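Let's walk through this protein together, one question at a time. Have the sequence and the 3D view at hand as we go.

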Amino acid sequence: VSQSRYVFEKKTWRLKIDYERTQQPSLDDHLYAVTALSQLRKHQERQPICLDSWKRTGLRIISVNTEEEISNLKPRYPQVDEWIVNENVATSYTRPTQLITNLTDIAIIKTHPVILINSDIELYGDQERLIEAAKDPLKVTIGIRWNYDNKRRLAEREKYGLDAFVISPEAACTIPKLNYGLGKPMWDYWLPHHFRHHGFSLQFIGDRYFYHQRHPLHWSQQEWHLGSKWLCDHYNLDRFEIFDSIHFRDSFPYGPNHNDKIQVENPSKPTKTFRTDGPGSLLRKIISWIFSQSSTC
C-alpha cells in the first residue's frame, strides 16, 4: 500500500510539472486574460513568472494601463499580446490604480469572455477548466489562490481574498461604474456580491490551480473601509452586519470555515438577459461614461 501510494503521488507530481512546462493550445476562441501590470520595481521579478504560466495555459494576455505605464512596461513584458490605454484611473488610493471596470469592459469591447486576474497569480492546470468556465454566459467562475513561501507543493489555500474571475460579456454589462481598483481591498468582495445580486450563478475553483507567492500587504485598512463604504452605499447594505470579513467569505464556498463539498452556488435564473452584439451595447457603453449606474437603474 505504501509503495502504491508513493507511485501515485509521484505520478501526480510529475503531471503537475508537465503543466508548468508544456505549452497548451491557444484559447483565443474561448477567453482572454485581462490584467493591469504594475511598474513598481518590487513586482518586476514576479510578474514575468506569472505571465509565462498564463501563456503556457494558452491564454491571450491583455494589459490595461496608462500610456506612460505602457511605454515603460512594454519592453519588459513580451508575453503581453495587446496593450490597451486607459487614463481614467482610480484616484481614491495612495497611488493611481486601474479601475476594475476598465478591465471588465474588455469583455464587452471584445464580445468575448475574459478571466480578470491579478498580475501576481500563477496558473497551473488543465485549460479545459477555463474553457468549461467560459461556456455559460450566466455563470461567473471565481478562482481562489494557494499561497506559498518558497515551494508551491507546500501552498495553503487562501481563506479570504479572491483573485480571478471568468466573466462573460453579459455579466460585464451589469457591472456599475464604481471606484474599485485592481489589487486594492474589497473589489474581490464587490464582484461576487454584485453578481449574486443580479442572479448569476457562481462557480468556484478552490483546488490547486491558482498560485500566489506571499508578500507584504499592498493596501491599508483605510482603503478596506473605503471599499466597504462604496459597496454598502451603492447596494443600500448595513455595513457592519454584511461586511464582517469572516461572515461574508463564509457565505461563499472555501471561506474561513469552508466546506470542500460546496463548490457551486446556483441562485435563481437571472430575470434579464443581456446582448452585447447590437448597437444598443455601444450606446450603453457611451452612456456609462457620463452617468452612474445604480442597483435599480
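Q: What percentage of the 297 residues of the protein count as buried?
A: This is a predicted model, in which local features need pLDDT of at least 70, side-chain atom pairs count only at pLDDT 80 or more, and totals for chains, interfaces and linings use all residues. Residues are numbered from 1 along each chain as its sequence is written, and side-chain values use heavy atoms, with hydrogens and water left out. Buried means under 20% relative accessible area, exposed over 50%, and partly exposed in between, with a 1.4 Å probe and protein chains only. By that rule, the buried share of the 297 residues is 50%.

Q: How confident is the predictor, as a mean pLDDT for the protein?
A: pLDDT is the predictor's confidence in each residue, from 0 to 100. In this protein, 78% of the residues reach 70 or more, and the mean pLDDT is 83.

Q: Over residues 261-276 the pLDDT is below 50; how many contacts does this stretch have beyond near neighbours in sequence?
A: Contact means heavy atoms within 4.5 Å. Residues 1-16 also have a pLDDT below 50, and that stretch has 3 contacts in the model beyond near neighbours in sequence. For residues 261-276, the number is 37.

Q: How many helices and strands make up the secondary structure?
A: Helices (H or I, at least four residues) and strands (E, at least two) are DSSP runs, numbered from the N terminus. Counted like this, the protein has 11 helices and 12 strands.

Q: Which residue of S10 is the bridge partner of isoleucine 117?
A: Two strands pair if DSSP finds at least two bridges between them. Strand S6 (residues 114-117) pairs with S10 in the antiparallel sense over 4 bridges, and S8 (residues 139-148) pairs with S10 in the antiparallel sense over 3 bridges. Glycine 143 has alanine 164 as its bridge partner in S10. For isoleucine 117, the partner in S10 is alanine 164.

Q: Which residues of strand S10 (residues 164-167) point the other way from Ala164 and Val166?
A: In a regular strand the side chains alternate between the two faces of the sheet. In S10, Ala164 and Val166 point one way, and these two are buried, as are the two pointing the other way: Phe165 and Ile167.

Q: How many of the 11 residues of helix H7 (residues 187-197) are buried?
A: The buried residues of H7 include Trp187, Trp190, Leu191 and Phe195. Glycine 199, with a positive phi near 85°, follows this helix. H7 is mostly covered, and its buried residues number 9.

Q: Which residues touch the most other members of the largest nonpolar core?
A: A nonpolar core is a set of buried Ala, Val, Leu, Ile, Met, Phe, Trp, Tyr and Cys residues joined through side-chain atoms within 4.5 Å. Valine 140 touches, among others, Phe165, Ile167 and Phe195, not counting residues up to four places away in sequence. A second, separate core of 27 residues includes Leu51, Trp54, Ile70 and Leu73. In the largest core, of 46 residues, those touching the most other members are Val140, Ile167, Tyr180, Trp190, Leu191 and Phe195.

Q: Why does methionine 186 count as buried?
A: Methionine 186 is in the loop between helix H6 (169-172) and H7. Although not a glycine, methionine 186 has a positive phi of about 85°. Methionine 186 counts as buried because its relative accessibility is 2%.

Q: Why does tyrosine 254 count as buried?
A: Tyrosine 254 lies in the loop between helix H10 (245-250) and strand S12 (264-265). Its phi is positive, near 65°, in a residue other than glycine. Tyrosine 254 counts as buried because its relative accessibility is 4%.

Q: What is the length of the polar contact joining the side chains of serine 119 and glutamine 47?
A: A polar contact is a pair of N or O atoms within 3.5 Å; within protein, one must be able to donate a hydrogen and the other to accept it, and residues adjacent in sequence count only if both atoms are side-chain atoms. Serine 119 sits in the loop between S6 and strand S7 (122-123), and serine 119 counts as buried because its relative accessibility is 11%. Among the residues that serine 119 touches are Thr35, Gln47 and Trp54. The polar contact between the side chains of serine 119 and glutamine 47 is 2.9 Å.
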